[in-house]
Amino acid sequence: MKEETVIIEKVLYGGDGLARLSSGKVVFVPYTLPQEKVKIVLIEEYKDYAVGYPLEIIEPSPERIPPPCKYYGLCGGCQFQHLPYERELEIKRDILKELFLRQGFKGELPLKGIIPSPKVYHYRNRLRLHVENHIFKMGFVKRGTHEVLKIEECLLGDKLLNEVLQGLYENTCWINMAFYVKRLRLELSPLDSKVCLLFWTILPPEKRDLEELTLIPSVKSIFYFIKGARPKGPYPEQAPHAGRRIFQGALDLIYYFQPGVFNQVNWEINLEIIKKICELAGEAERVLDLHSGMGNFLLPLVRHLSEAKEFLGVDTDIRAIEDGIYTAEKNELNGRLELRKMSALEALYEAFQEGKTFDLVLLDPPRGGCKELMRLLPEVASHKIIYISCDPPTLIRDILLLQKEGFELRELYLFDMFPRTYHFEVLSLLQRRA
């Protein structure tokens, strides 16, 4: 395979360093830093670019540090363990600015803040692992392959999750069950310092095996998918709150999540985002959350905006809606809140048909963004849009579309939801031009 020595120019979205081959062709090289001189081997070469892998850091950056994880470089999960956290934040800031520039944003970028994670490691409240049963192992996919790398400890995962993972490796019943299991999720329930197990299996487990799993210290409840949209569980049947995970929310709220229902993986940063949303909401009277989940962002606004008249949250996940209603009841939130199972597009169409508008609309879509909503969204959002995204390219695309529809990007914040990876969360405030 062809080898070359290159100089890294900058780090791109995705975490790879950009360099140029002797031919002038761009090459992407992981685990590198700007200005480093690196000997690489070419893994793939295309017409316009190439992909390389570092064989030797000939002239390392003075900022380079040894990565603490023994799987780093093999596991595809992390990209930034080889640099100090402060430098990681700077790189993410520069990446965000460049993405806006490259996608055609005009004017000064109103980036008002970069909010670091209080924890750089052990911040994840859930781990999702592949299970291979012919040679028993649980882990993540190796970088650039479909092969599962056996993981005995993930430094990004909460320490309690890692303790339970180790307990599973030592549990005879789980080892036997793993012949039928495809995937496993370990999900933290912080307020009772327990872990919920959720797994996907071909065959239903025996009751005695589930009983054995509950003997692993810190296991709270067990659920499993075998077919259908709902998991079987909880086990034990008398698990508190039907086996839900319990989180301390903002404004003295307590959140309840069924295993498998989405919640933000870095809870401390999630609370910071909620704080900012409450700050930016102003004196909104009608709030629409088009990707509400169980109401993560909407429920605190109900408590914060005491004079507001209406709060509507919609989501297609019925279990998330159930958790939102359960959480609202447990927290004695008043009747101004409605959570409904429907798509964002259906909610906009219904509001448009009724001639109804909302002065604050929340968007927190999947990675694909909100392009399909742009025909109706400007008709329903009368004043402010707060758009939260973990995929900056689609966020910027949608911001540019909203600008054409009369909205102005007023404020932008980078929340580092995912330290040591190239991912981050962005919160944007858009306001209709007068």
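The legends below describe close-up views of a predicted model of one protein chain.

**Figure 1. Overall fold of the chain.** The secondary structure comes to 10 helices and 23 strands. A compact globule with 434 residues would have a radius of gyration near 22 Å, and the 23 Å of the chain agrees with this. The C-alpha trace spans about 65 × 65 × 35 Å along its principal axes. Of the 434 residues, 57% count as buried. Among contacts with a separation of 6 or more, 64% come from residues 24 or more positions apart. The accessible surface is about 19500 Å², and carbon and sulfur atoms hold 50% of that area.

**Figure 2. The largest nonpolar core and the surroundings of Leu301.** This core has 84 residues, and the residues with the most contacts inside it are Leu186 and Leu301. Helix H5 (residues 267-280) gives the largest share of the core, seven residues. Leaving out residues up to four places away in sequence, Leu301 touches Ile277, Cys278, Ala281, Val287, Phe311, Leu360 and Leu362. A second, separate core has 44 residues. Val361, Leu363, Ile399 and Phe424 are among the residues of that second core.

**Figure 3. The salt bridge between Glu88 and Arg420.** The side chains of these two residues meet with a distance of 2.5 Å from N to O. Glu88 lies in helix H1 (residues 85-102), while Arg420 lies in the loop between strand S22 (407-415) and strand S23 (425-432), so the pair ties together parts that are 332 residues apart in sequence. Both partners fall under the 20% limit for buried residues: Glu88 has a relative accessibility of 0%, and Arg420 has 3%. The chain as a whole has 31 salt bridges.

**Figure 4. The salt-bridge network and contacts around Glu88.** Glu88, Lys92, Asp416 and Arg420 are linked in a network of salt bridges. Glu88 counts as buried at 0% relative accessibility.

**Figure 5. Two salt bridges between partly exposed residues.** Arg93 forms a salt bridge with Asp94, and the closest N and O atoms of this pair are 3.1 Å apart. The relative accessibility of Arg93 is 28%, so Arg93 counts as partly exposed. Asp94 is also partly exposed, at 35%. In the other pair, Glu338 forms a salt bridge with Arg340, with 3.7 Å between the closest N and O atoms. Glu338 has a relative accessible area of 39% and is partly exposed. Arg340 is partly exposed as well, with 24%.

Figure 6. Ser221 lies in strand S13 (residues 219-225) and is buried, with a relative accessible area of 0%. A polar atom of the Ser221 side chain lies 3.1 Å from the backbone oxygen of Gly243.

**Figure 7. Lys39 in strand S5.** Lys39 is found in strand S5 (residues 37-45) and counts as partly exposed, at 29% relative accessibility. A polar contact of 3.5 Å joins the side chains of Lys39 and Glu3. Apart from neighbours within four places in sequence, Lys39 is in contact with Glu3, Glu4 and Thr5, and with Tyr53, Pro54, Leu55, Glu56 and Ile58. Pro66 is 27 residues from Lys39 along the chain, and the C-alpha atoms of the two residues are separated by 18 Å.

Key: Residues numbered from 1 in each chain as written. Predicted model: local features only at pLDDT ≥ 70, side-chain atom pairs only at ≥ 80, totals over all residues. Heavy atoms only, no water. Core = buried A, V, L, I, M, F, W, Y, C linked by side-chain atoms within 4.5 Å. Buried < 20%, exposed > 50% of the residue type's maximum accessible area, 1.4 Å probe, protein only. Helix = DSSP H or I, 4+ residues; strand = E, 2+ residues; numbered from the N terminus. Contact = heavy atoms within 4.5 Å. Salt bridge = Lys/Arg side-chain N within 4 Å of Asp/Glu carboxyl O. Polar contact = N/O pair within 3.5 Å; in protein donor to acceptor, adjacent residues only side chain to side chain. Rg over C-alpha atoms; globule rule 2.2 N^0.38 Å. Areas by Shrake-Rupley, 256 points an atom, 1.4 Å probe, with all protein chains shown as cover.
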